[in-house]
Amino acid sequence: MLNPAAARHDPAAAPRLMLTLLAVALLWPGVRLSELDLGVLFDGSNADTMGTFLSAFWPPEHSGEFLGLLWQATLETLAIATAGMTLALAVAIPCALLATRVLSLSALSRGGRPAWWAQALRWPVRGLLIVLRSIPEIVWALLFVRAVGLGPTAGVLAIAITYAGMLGKVYAEIFESVDPLPARALLGAGASRLQAFLYGVLPQATGEMLSYSVYRWECAIRASVVMGFVGAGGLGQQMDLSMRMFAGGEVAAMLLTFLALVLLADLLSRMLRWRFA
Amino acid sequence: MSTLQTPPAPGLAAQPEPALKLAGVGHTHAGGQIALCGLDLQVAQGERVAIIGPSGAGKTTLLRLLATSLKPDQGDLELLGKRPWTLSAGARQRLRSQIGLIHQAPPLPPRQRVVTAVLAGRLGKWSLAKSLLSLLYPLDRRGAAEALGRLDLADKLYMRCDQLSGGQLQRVGIARMLYQAPELILADEPVSAMDPVLASHTLGVLNREAQRRNATLLASLHAVELALEHFPRIVGVRDGRILFDKPASEIGPDELAALYANEQLQHAPSPPAAATPPLNIPRC
């Protein structure tokens with residue numbers, strides 16, 4: 001132990017060096033395959049095009065008529081994101097409860113490892129969550145725009161489906177990351193699984209769940225904007241129109257609105273965390 | 001050894017229904033280490049028993065078996081007249097609501113309020129709607145305050161669990177069990193984080209409450225003098241076996257010496273004691 005030669009030689013040095021080299025070796029083909037060439041940005045004509053596009057951004061459009069339109073579109077975007085999140089929560093929470101291992105009765109007497117059949121029953125739920133979130137919301141939006149026509153409904157449904165998958169997975173992982181002993185003690189005192197969840201897991205998970213949900217709501221706002229480009233309503237549809245008309249001032253005003261919305265989400269998240277964590 | 005524990009058994013067997021009955025119960029940890037083997041124990045309803053023994057003797061494993069949070073590998077286990085591991089999951093949960101386990105370090109969510117933590121004791125008897133409502137607005141505040149009051153903690157009702165000290169948390173755990181009002185009370189080192197005076201006082205409260213409700217009480221204790229002072233019957237456990245089981249008044253210093261003997265000797269050669277699992281096997 002006190003051998004000075006052993007102290008000089010770090011046994012983790014070689015693996016760490018190997019990992020670093022491996023990471024670089026994996027990144028290089030990534031850069032090649034994605035054909036990333038930053039030089040293109042500073043190429044003469046490209047820079048000019050971008051410059052003229054950006055210079056049109058100032059001043060942001062602020063006529064009364066446009067502000068009214070912007071207000072309508074912002075409300076629509078917020079409504080799409082919120083309605084989509086609510087639907088997603090309604091699907092995600094039951095799925096997370098089914099997918100998590102914390103509430104396993106069979107795990108109670110087995111040191112936290114559920115019986116094999118209980119594990120097997122969790123897989124269909126996990127599979128469902130994977131399917132829900134592996135298809136991008138823009139694909140769902142394109143599908144629903146065909147099915148239910150142009151408008152916010154398509155956006156709401158697309159967000160609900162994709163975000164249910166993401167929220168369900170992350171909630172299940174949050175539930176598994178908290179201390180399992182309180183819930184296990186309650187199960188051991190005869191509580192049902194939902195009761196053990198409410199009194200043993202939820203008090204520890206509230207803060208993380210809230211901050212992740214608000215972050216996802218923020219993402220939903222952005223996603224609803226992107227889906228607006230394919231006709232799912234809201235700020236995105238407005239922005240698509242303005243961009244086609246090269247109305248830089250309007251685009252700038254809308255980008256400022258985004259900034260305000262993200263700031264709002266951030267404030268909300270901080271407020272909720274301060275209250276519950 | 002088994003002859004030592006038989007004298008009190010016939011007297012107890014005359015009682016109509018034992019609160020718990022163990023016959024040849026054994027348990028092996030996942031690592032292959034034998035925690036308990038060939039345990040025979042019978043405790044009548046309303047009896048109060050202290051379990052003493054050196055560290056690692058299997059006291060906690062025994063209590064966890066009795067709390068049905070471990071399944072015995074061998075033998076028969078009967079609690080409150082039922083065999084928990086032959087019951088359906090629902091019936092076992094109902095049986096568990098009759099068993100209250102006091103943990104050495106009560107596992108309470110740190111941000112939960114004391115009132116909610118105490119009320120959670122009775123979840124096994126509450127409907128889901130009632131427990132959901134009580135989570136939003138504590139329903140039986142009077143009951144929780146009364147249970148806490150018995151442990152002189154009534155003023156901590158609305159504090160958060162992470163604001164309490166270790167000894168206060170242990171008393172909250174006891175209050176939760178009192179609120180649960182089980183027929184069988186199991187306590188795993190219930191006073192280990194308290195000063196001697198408070199520990200003795202709290203054990204007194206626990207014993208009085210058990211007597212008042214005619215509940216059976218089994219407590220594992222490290223402090224032998226507390227066990228002898230508060231409990232009429234003492235079970236000495238060592239190396240996963242019952243060494244003696246007799247009234248507290250009949251326990252002499254020799255038996256205690258035998259129970260805790262060798263502990264210093266086992267400490268000295270502890271580095272090679274990594275081979276304890278094979279050492280334990282031939283004894284069973």
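Five bridges connect strand 1 (residues 18–28) of chain B with strand 4 of chain B, and the two strands run antiparallel. Within this pairing, Leu22(B) faces Leu77(B) in strand 4 of chain B. Helix 3 of chain B packs on the sheet and touches strand 1, strand 2 and strand 4 of chain B. The direction of helix 3 makes about 125° with that of strand 1 of chain B. The model described here is predicted.

The sheet itself is open and has three strands, in the order 2-1-4 (chain B). Its pairing is antiparallel. Strand 2 (34–44) and strand 4 (74–79) of chain B form the edges, and each pairs on one side only. From one strand to the next, the twist averages 15°.

Helix 3 of chain B spans residues 59–66, and seven of its eight residues are buried. The buried residues are Lys59(B), Thr61(B), Leu62(B), Leu63(B), Arg64(B), Leu65(B) and Leu66(B). Just after helix 3 of chain B comes Thr68(B), with a positive phi of about 55°.

Chain B also holds a second open sheet. Six strands make up this sheet, in the order 5-6-7-3-8-9 (chain B), and the pairing is mixed. The edges are strand 5 (99–102) and strand 9 (241–247) of chain B, each of which pairs on one side only. Neighbouring strands of this sheet are turned by 15° against each other on average, direction ignored.

The bridge partner of Leu101(B) is Leu186(B), in strand 6 of chain B.

Strand 5 is an edge strand of chain B, yet the residues named on both of its sides are buried. Ile99(B) and Leu101(B) point one way from strand 5 of chain B. Gly100(B) and Ile102(B) point the other way. Helix 8 (residues 166–180) of chain B lies across strand 5 and strand 6 (184–188) of chain B. Helix 8 runs at about 175° to strand 5 of chain B.

Most residues other than glycine have a negative phi. Ala181(B) is not a glycine, but its phi is positive, at about 55°. Ala181(B) sits in the loop between helix 8 and strand 6 of chain B. Ala181(B) has 18 C-beta neighbours inside 10 Å, so this residue counts as partly exposed. Glu189(B) is not a glycine either, and has a positive phi of about 50°. Glu189(B) belongs to the loop between strand 6 and helix 9 (196–212) of chain B. Because Glu189(B) has 19 C-beta neighbours inside 10 Å, this residue also counts as partly exposed; a buried residue needs 20 or more.

Chain B as a whole contains 13 helices and nine strands. Of its 284 residues, 44% count as buried. Among contacts in chain B between residues at least 6 apart in sequence, 70% join residues at least 24 apart.

In chain A, helix 11 (residues 248–276) has 29 residues. From its first C-alpha to its last, helix 11 of chain A reaches 42 Å, close to the 42 Å expected at 1.5 Å a residue. Gly248(A), Glu250(A), Val251(A), Ala253(A), Met254(A), Thr257(A), Leu261(A) and Ala265(A) are buried in this helix. The buried residues of helix 11 pack against helix 3 (44–55), helix 4 (64–99), helix 9 (193–228) and helix 10 (235–244) of chain A.

One of these partners is helix 4 of chain A. Two packed helices are described by the angle between their axes and the distance between the axes. Helix 4 and helix 11 of chain A pack at an angle of about 40°, and their axes are 11 Å apart. The two helices of chain A are therefore oblique to each other. Helix 4 passes helix 11 of chain A in a right-handed crossing. At this contact, Phe66(A), Leu70(A) and Thr74(A) in helix 4 of chain A meet Glu250(A), Ala253(A), Met254(A) and Thr257(A) in helix 11 of chain A.

Key:
Residues are numbered from 1 along each chain as its sequence is written. Chains are lettered from A and ligands numbered from 1 in the order in which they are written. This is a predicted model: local features need pLDDT of at least 70, side-chain atom pairs count only at pLDDT 80 or more; totals for chains, interfaces and linings use all residues. A residue is buried if 20 or more other C-beta atoms lie within 10 Å of its own, exposed if 12 or fewer, and partly exposed in between; C-beta atoms are placed from the backbone. Helices (H or I, at least four residues) and strands (E, at least two) are DSSP runs, numbered from the N terminus. Two strands pair if DSSP finds at least two bridges between them. Axes are lines fitted to C-alpha atoms, for helices over the stretch in contact, and angles run from 0 to 180 degrees between N-to-C directions. Two residues are in contact if their C-beta atoms, placed from the backbone, lie within 7 Å. The expected span of a helix is 1.5 Å times one less than its number of residues. Angles under 35 degrees count as roughly parallel, over 145 as roughly antiparallel, 65 to 115 as roughly perpendicular and the rest as oblique. A crossing is left-handed if the near helix is turned anticlockwise from the far one by less than a right angle, and right-handed if clockwise.
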